[in-house]
Structures are given as structure tokens and as C-alpha cells.
Amino acid sequence: MTLYVFDMDGTLTPARLPMTSEFATEFSAFQKNHKTFIATGSDFKKVEEQLQYSVIEDFTGVYCSMGNVLWSKGKIVYQKDFAPNPRLFDMLENFRKITNYPGDLFPNYIEQRIGMINFSVLGRDCPYTEREKYTAWDSVVHERLKIQAVLQQNFPEYDIAVGGTISMDITPKGCGKGQIAAHLRKTYPDEKIIFFGDKTFAGGNDFELADALNKLPNTQVVQVNEPSDVLKFLSKEV
């Protein structure tokens with residue numbers, strides 16, 4: 001048996017956009033005869049916003065919030081809570097105040113999820129066009145990488161991962177996406193694990209999980225650039 005594990009944004013869906021109905025039709029057919037999992041930094045609410053109900057229900061497991069909560073068939077299997085240092089919030093608020101970003105800023109810039117914090121100077125409630133503007137700006141000035149370096153220096157007890165296109169994920173040490181690999185292997189000691197992600201390279205937000213899997217036997221990491229790449233691979237697995 002093979003376990004198929006998928007990142008969500010950029011892998012099963014365009015970033016922060018719903019899964020297309022065409023993709024869902026083909027992917028659902030694959031799910032009927034295979035064990036599939038999702039591994040995302042998003043919380044379960046965002047999974048519900050982006051994926052069809054039938055697709056979510058057919059996952060064997062849905063690892064949300066970097067693997068700090070696991071859902072299966074609409075119920076929580078486990079969750080790891082996190083009480084952040086109050087100084088962290090003060091520093092994040094200050095980064096928001098002193099940003100040099102020339103565009104508009106939006107609400108929901110510090111988002112607490114189970115076991116983690118997602119921080120975005122821009123604000124997660126931004127329109128998609130504003131997300132693209134910030135991404136282009138950040139690719140030049142590297143604001144997120146600079147913030148990451150400062151946070152890591154001040155809070156060595158946390159892992160700070162630059163994720164997606166506008167934000168970063170903050171978790172206690174050892175509570176990032178890599179923990180999903182250990183949980184899967186403990187639960188399924190003999191099965192092959194194939195992981196699909198659009199940023200499995202060093203510096204990408206799928207790298208921690210990809211790296212953890214590569215250190216385990218009987219695993220495979222598939223780098224994709226868009227959802228259509230996933231379907232091309234899966235068509236050979238049926």
C-alpha cells in the first residue's frame with residue numbers, strides 16, 4: 001500500500017483559491033481507491049473554504065496547522081496547543097507598524113491557529129491582487145526573510161518558517177511540518193509514502209516535511225509547480 005500526502009496551496013489548489021471542479025472530479029476518483037492525506041499550514045476552516053466537502057471526507061487524514069492538529073472524517077484525532085511568549089506579539093505588532101511596504105495593509109495579520117501563529121505584514125484578509133503586489137515587492141526587498149532572522153535571534157525556542165507568498169509560520173521547536181513524517185511513519189510503519197508539494201526545495205515551506213521524509217526509508221518527494229502536475233503523476237498510479 002502507498003500513502004499519498006499533499007500540500008494544499010499551490011499543489012491541490014492555486015494559492016488561497018478554491019480547488020477547481022475539474023481537478024476535484026479527477027482527484028476524487030483517485031481518492032476512492034487510495035489512502036490520501038493533506039499536509040498544510042492552514043487551519044481546518046481554510047481547508048473547508050478551498051476544498052469540496054466530498055474531497056475532504058475522502059482524505060484518510062487532514063494534517064492542519066503544520067501538523068499540530070489532525071482531522072479525520074470531520075473529527076479531531078489529536079491537537080497540540082501553543083501559548084506564545086507575550087513579547088512575540090509585541091514584536092509582531094511593531095513589524096507591522098514599521099514596514100516600508102508602499103501598498104495598503106489589511107486585517108488579520110496575526111492569526112493564531114492550533115499549535116502555531118501565522119504572521120503576515122500585509123494581512124491575510126487582503127484581496128488576491130494585493131497578495132500578488134506584496135509578493136512581487138517582497139521578492140525584491142526580502143522583508144519576510146529579514147523579519148524571520150530577527151525573530152529567530154530573539155526566540156530561539158521557536159521555528160520560524162517563511163511560508164506561502166505573504167506570511168510566515170511560527171511554531172515551538174519540533175512542531176513544524178516535519179512532525180507529520182514521524183507521525184505517518186509511526187502509524188504506518190511499512191507503507192510507502194509519497195509527498196507532493198510546490199515548495200519542497202530548501203527555503204520553501206514544504207522543505208521541512210520533504211527533508212524529514214527523505215531521511216526515512218520507503219519514501220518519495222514529488223516537486224510540482226501547479227495542480228495539473230499532480231494529476232499527471234497520479235494518472236500513472238491508478
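Modeller: Two strands count as paired if DSSP finds at least two bridges between them. The model discussed here is a predicted one.

Biologist: In E7, which residue is the bridge partner of Arg-113?

Modeller: E6 covers residues 110-113, and E7 covers residues 116-119. Four bridges join these strands, which run antiparallel. In E7, the bridge partner of Arg-113 is Met-116.

Biologist: Which strands stand at the edges of the open sheet?

Modeller: The sheet has four strands in the order E6-E7-E9-E8, with antiparallel pairing. Two of them have a single partner strand each, so one side of each is left without a neighbour in the sheet. These edge strands are E6 (110-113) and E8 (158-163).

Biologist: What is the average twist from one strand to the next?

Modeller: The order of the open sheet is E6-E7-E9-E8. From one strand to the next, the twist averages 20 degrees.

Biologist: At about what angle to E8 does helix H6 run?

Modeller: Helix H4 (residues 86-98) lies across E6, E7, E8 and E9, and runs at about 10 degrees to E7. Helix H6 (residues 143-154) lies across E7, E8 and E9. Its angle to E8 is about 175 degrees.

Biologist: Why are the buried residues of H8 on the same side of the helix, and what covers them?

Modeller: In helix H8 (residues 207-214), the buried residues are Leu-209, Ala-210, Ala-212 and Leu-213. They are on the same side of H8 because they cover an arc of only 165 degrees around the axis. What covers them includes strand E2 (35-39), helix H7 (179-187), strand E10 (192-197) and strand E11 (219-223).

Conventions:
Residues are numbered from 1 along each chain as its sequence is written. This is a predicted model: local features need pLDDT of at least 70, side-chain atom pairs count only at pLDDT 80 or more; totals for chains, interfaces and linings use all residues. Side-chain values use heavy atoms; hydrogens and water are left out. Buried means under 20% relative accessible area, exposed over 50%, partly exposed in between (1.4 Å probe, protein chains only). Helices (H or I, at least four residues) and strands (E, at least two) are DSSP runs, numbered from the N terminus. The arc is that of the directions from the helix axis to the C-beta atoms. Contact means heavy atoms within 4.5 Å. Axes are lines fitted to C-alpha atoms, for helices over the stretch in contact, and angles run from 0 to 180 degrees between N-to-C directions.
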